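Subject: Structure handover

Hello,

Here is the structure for your files. Please open it first, then read the notes below.

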Amino acid sequence: MSVRDVQAAGRTVAVREWGPPDGMPFLFWHALGPGHSGSSVAVAAEPLVRAGFRVLGIDAPGFGRSPAGEDGDYTLERLASLVWGVADALGVERAVVSGHSWGGSVAVFAAAEQPDRVAALVLYDSGASDFADHPSANLAASREDLIESAREFTRFESWDGLVELLRAERLDQPWTLDAFREATIVEPDGAVAVRASAEVQGIGVYHAMRARPSERWPALAAATVPTLLVLATEPEEARESNERLLPRFLHAMPRAEVVRPGCRHQVFADLGSHAGELTAAWLRDQGLP
């Protein structure tokens, strides 16, 4: 992996890159939360590179190595425009656009903004519903409420303590720990600080809950953008929620393909390199790269 800073939409954005410069671009936007950055896709990158793709993991504003933005920078419309600003800065004309969780919603907005530049859309347990429709969504929460809630997950006493917490959630795979290393800083006293501040995380959630990817589905359907949805089926309550919301997505986008590989919402943690393998296989079926 290499990391470079690019100037896009008037700001500095860090982009992580795997694969040859002449590979077909695979633009990826990560999830919200303390352990995420463009490096979250690293475990899936190797199979995609072998298949002929150039994987570009974008560090969202305030995550990884990208400087934070202002409140308005976190609307999904602004973030979608930032995706294409990064693409322009890297000389990318056409790409596979993808994302996980929050990133899937950003990917839907980006794909709908410029569908002629989208070779395919890959959604990792995301983008097929509106955040507001999920049981955990609380639209009554203010920015301040969400920032305070995020504060609990911005500092840990030690790396070993963080690993223990991750192990309890079955998130201690080597590739997941590598992603956390890229998303955190070990301070001189041994404490671990998350690069994405509580303000960044809370404001990101605030805008994500108010965004409506569903309003962009008709544009994607009209443009016949090939779409893959990797759907979580574990635990049971997640499966029930996903299956309850899925028909609306498929009604709007009847050509979308859904795979259920047996994982939680933490797709990359659970599937590892298989996430990249199944994505590469599906893209190959679409005639890509």
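Leaving out residues up to four places away in sequence, L121 touches V97, A107, V108, A111, L220, V225, P226, T227, L228 and W282. Contact means heavy atoms within 4.5 Å. A second, separate core of 28 residues includes V41, A45, V96 and L228. A nonpolar core here is a set of buried Ala, Val, Leu, Ile, Met, Phe, Trp, Tyr and Cys residues joined through side-chain atoms within 4.5 Å. Buried means under 20% relative accessible area, exposed over 50%, and partly exposed in between, with a 1.4 Å probe and protein chains only.

The model is predicted: local features need pLDDT of at least 70, side-chain atom pairs count only at pLDDT 80 or more, and totals for chains, interfaces and linings use all residues. Residues are numbered from 1 along each chain as its sequence is written, and side-chain values use heavy atoms, with hydrogens and water left out.

The largest nonpolar core has 64 residues. W29, W102, L121 and F249 have the most contacts inside it. In soluble globular proteins, nonpolar side chains tend to be buried together.

F249 sits in helix α9 (residues 236–252). Helices (H or I, at least four residues) and strands (E, at least two) are DSSP runs, numbered from the N terminus. F249 counts as buried because its relative accessibility is 0%. Not counting residues up to four places away in sequence, F249 touches L123, G127, A128, W217, T227, L229 and A256. A219 is 30 residues from F249 along the chain, and their C-alpha atoms are separated by 13 Å.

**Helix pairs**

Axes are lines fitted to C-alpha atoms, for helices over the stretch in contact, and angles run from 0 to 180 degrees between N-to-C directions.

Helix α2 (residues 76–89) packs on α3 at about 70°, with axes 8 Å apart. That makes α2 roughly perpendicular to α3. The cut-offs: under 35 degrees is roughly parallel, over 145 roughly antiparallel, 65 to 115 roughly perpendicular, and the rest oblique. On the α2 side, L76, E77, L79, A80, S81, V83 and W84 make the contact. On the α3 side, W102, S105, V106, F109, A110 and E113 do.

Helix α5 (residues 159–168) and α6 pack at about 135°, axes 12 Å apart. They are therefore oblique to each other. W159, L162, V163 and L166 of α5 meet L177, F180 and R181 of α6. By class, this α5 and α6 contact has 6 nonpolar, no polar and 1 charged residue. Ala, Val, Leu, Ile, Met, Phe, Trp, Tyr, Cys and Pro count as nonpolar, Asp, Glu, Lys and Arg as charged, and the others, Gly among them, as polar.

The axes of α1 and α11 come within 7 Å and cross at roughly 30°. A44, P47, L48 and R50 of α1 contact A275, G276, E277, T279, A280 and L283 of α11.

Helix α1 (residues 42–50) has V43, A44, A45, P47 and L48 as its buried residues. Their cover includes β2 (11–18), β3 (24–29), β4 (53–58), α6 (174–183), α10 (267–271) and α11 (274–285). G52 follows α1, with a positive phi near 105°.

S101 lies in the loop between β5 (95–100) and α3 (102–113). S101 counts as buried because its relative accessibility is 14%. Leaving aside neighbours within four places in sequence, S101 contacts A31, Y124, D125, S126, F131 and H265.

Regards
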